[in-house]
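Subject: Structure for your review

Dear colleague,

Please find the structure below, handed over for your review.

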There are 2 protein chains.
Amino acid sequence: MNQKLGRASVKPEQPVYILSSASVVGPKEGQGPLGLLFDVVGEDDMFGCETWEDAESSLQKKAVALALEKAGMQPGDAGFIFAGDLLGQSIATSFGLSSYEIPLLGLYGACSTCGESLTLGTMSVAGGFADKVVCVTSSHFASAEKEFRFPLEYGNQRPLSACWTVTGSGAFVLGDKAAGDALPAACGAMPDGKPGGSAGRPRARITGLTVGKIVDYGLKDSMNMGACMAPAAASTLEQHFIDFASQPEDYDKIITGDLGKIGQKVLIDLLCEKGYDISEQHMDCGIEIFDGESQDTHAGGSGCGCSAVTLSAYILKQLEAGNWKKVIFMPTGALLSKTSFNEGKSVPGIAHAVVIEAC
Amino acid sequence: MNQKLGRASVKPEQPVYILSSASVVGPKEGQGPLGLLFDVVGEDDMFGCETWEDAESSLQKKAVALALEKAGMQPGDAGFIFAGDLLGQSIATSFGLSSYEIPLLGLYGACSTCGESLTLGTMSVAGGFADKVVCVTSSHFASAEKEFRFPLEYGNQRPLSACWTVTGSGAFVLGDKAAGDALPAACGAMPDGKPGGSAGRPRARITGLTVGKIVDYGLKDSMNMGACMAPAAASTLEQHFIDFASQPEDYDKIITGDLGKIGQKVLIDLLCEKGYDISEQHMDCGIEIFDGESQDTHAGGSGCGCSAVTLSAYILKQLEAGNWKKVIFMPTGALLSKTSFNEGKSVPGIAHAVVIEAC
């Protein structure tokens, strides 16, 4: 039986497997510390398209194509696709995925959407509603600046607390045990026959979920989203430790999506007040993906592509290599819009935690 | 065992029950043909708030409060809340639901979101991940006009093919059989002791789902969204009939969300070409909710509040009264944004079908 745990968590009866994944990023991400790990690095931010929005759509399309290919699947083999992005009315998704004709469940959780898509994908497989599903999210620096701040042409100044939206899309194929056992031998093999990878095996397995609630501390600075999201991250993590009766040291890493350097400090402080010290285990995808000093990315990377491509390219590889056994992967989202900001509203946060273990 | 049916459908092993529901609408909806059936009709469109966006948030908040109250629940009794709206970054949801502190899964499916929320809510209950969940969606005429077309102050003209976004929010509590058996006797009773209703019993049960895919016929007229969405509605319905091996006459009503008069004609014609005649069974919430002639609403009502309040206030009452036994409820969404429209993109559609049967 699938099990509801405590207030906000779920433990599937059988693990749900990450059968394959793919990451597609822009050139700046390709120049960052994780650059060599991504599947595709674009030559420029337009990816051959005429608008930034179309470029973001093409990222999703490419990431899904690659993830399906690695799992030896055709689009028709996927039961559902759980997808979202940051743009108003999720247009990167709508125009990126239509050609696949996969039944679509559109999501919006700001930069937490990768966690939300893995959460609902896991529920749909564990619940017996599909053998295999696809989860995909994206963000694009230029389309996000236009959507949330100013078009790039304005040349506005950014404070040091601001994040840099990652141009990238990460896609994941989830499946049940039978789907994992049936993976083609080439799936997960390292390119050029290099050692490592997980040839013919799933990349990892999802064994627990904690769904976040909206947390609003009343902060209004959209140029300091790390601080706005950290209370939500702390809330979900605390709930996770309670629901699973676990402690930080039960995990090799506790990984947030895009809190950045300021949000990281706030999160660690908030959890210390609750009696949990995660300073040893904490890692933030937004801090890892760029070299803040040489790349001038201020507080760090952000966007729902940030955590997705870091999971696909870096975190899953660490699990496959045996460096880590069990991690919490928790993308974090800031629930604001241009309109809510202009109307003087606060920036609430939300974060969804996914427990991922090595196979 | 929960069952995946065909390409895009799901049949839960046990039905999932609609334990309670609530509808909150604006004054124009209150003056329409269904006006007397809604739970709350606002005195004006601001609902005591200072912005249209806040007004829409207050609709969601009120609808959820009422649905929980009718089911004899506190917010802490709900496992998850599946919620969405039409505004960029779903701000009506983010600012409407934060006080409930229910683990939130934010959705975006344009005006199909009510169907998507019932779909995922049903999966989460049938999958054993929660005993009770809440599904809520909203739209607001003024916030939607500002988001998609022009602020009302511009006084722009609207063609006769345009829809009128419904100001309203519908909320539903779904639960498993045990939750249905434990409903308080007052739940579902008619006000003032009138006969009818379903005192102490669930309102209806959900017995099947068909998840829609994005369908893009290349239409670009955002003032004729019925025609843009009709191909998606036809696609989902055809898939539904195939997956369930059913025919239109197996349902008392086949109910779309907001195709309006033009979209209705397109849908019926498209399905006729596929060999399905739904002209007898078809009903559209957007056509029912307003009196187009006296209320000057052109093609009909729209918005993800439109189908939600019509389901709560009208459709479920017909099922409770025994007038209908089994219906397909299929909200329809147009996947556009201001940005995609300005960039000359088409308006793809999506529609999710939910089979609802009398208890």
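On the surface, A:E249, A:D250, A:D277 and A:E280 gather in a patch of negative charge. Such a patch is made of residues with over 30% relative accessible area and no salt bridge, with like charges joined within 9 Å and nonpolar side chains (Val, Leu, Ile, Met, Phe, Trp, Tyr) within 5 Å. Lys and Arg count as positive and Asp and Glu as negative, while His and the chain ends are not counted; the place of a charge is taken as NZ of Lys, CZ of Arg, CG of Asp or CD of Glu. Accessible areas come from the Shrake-Rupley method with a 1.4 Å probe, and for residues only the protein chains shown count as cover.

Please note that this is a predicted model, in which local features need pLDDT of at least 70 and side-chain atom pairs count only at pLDDT 80 or more, whereas totals for chains, interfaces and linings use all residues. Residues are numbered from 1 along each chain as its sequence is written, chains are lettered from A and ligands numbered from 1 in the order in which they are written, and side-chain values use heavy atoms, with hydrogens and water left out.

Helices (H or I, at least four residues) and strands (E, at least two) are DSSP runs, numbered from the N terminus. A:E249 has a relative accessible area of 56% and is therefore exposed; the term exposed stands for over 50% relative accessible area, buried for under 20%, and partly exposed for values in between (1.4 Å probe, protein chains only).

Salt bridges

A salt bridge is counted where a side-chain nitrogen of Lys or Arg lies within 4 Å of a carboxyl oxygen of Asp or Glu. Over all chains, the whole structure holds 24 salt bridges. One of them joins A:E145 to A:R158, with 3.0 Å between the closest N and O atoms. This pair links distant parts of the chain, 13 residues apart: A:E145 is in helix α5 (residues 141-148) of chain A, and A:R158 is in the loop between α5 and β8 (164-165) of chain A. A:E145 is buried at 1% relative accessibility, and A:R158 is buried at 17%.

A second salt bridge brings together the side chains of A:K146 and B:E343 (3.1 Å, N to O). This pair crosses between chains, running from helix α5 of chain A, where A:K146 is found, to the loop between α12 (338-342) and β16 (349-351) of chain B, where B:E343 is found. Both partners are described as partly exposed: A:K146 has a relative accessibility of 26%, and B:E343 has a relative accessible area of 28%.

A further salt bridge is formed by the side chains of A:D181 and A:K177 (3.1 Å, N to O). These two residues are 4 residues apart in helix α6 (residues 177-181) of chain A, so about one helical turn separates them. A:D181 is exposed, at 57% relative accessible area, whereas A:K177 is partly exposed, at 45%. Salt bridges that share partners also join A:E53, A:K146 and B:E343 into one network.

Cysteines

How many disulfides are found over all chains? The search of the whole structure gives 0, where a disulfide is a pair of cysteine sulfur atoms within 2.5 Å. For A:C228, the closest cysteine sulfur is that of A:C163 at 9.7 Å, which is too far for a bond. A:C228 is buried, at 3% relative accessibility. A:C306 is likewise in no disulfide, with the nearest cysteine sulfur, that of A:C285, 5.6 Å away. The relative accessible area of A:C306 is 0%, and A:C306 is buried.

Most residues other than glycine have a negative phi. B:E101, which is not a glycine, has a positive phi of about 55°. B:E101 lies in the loop between α3 and β6 of chain B and is partly exposed, at 45% relative accessible area. B:H298 also has a positive phi, near 55°; B:H298 is in the loop between α10 (292-295) and β13 (301-302) of chain B and is buried, at 18%.

Finally, A:V16 is in strand β3 (residues 16-25) of chain A and is buried, at 1% relative accessible area. A:V16 and A:P202 are 186 residues apart in sequence, yet 9.8 Å apart in space, C-alpha to C-alpha.

With kind regards
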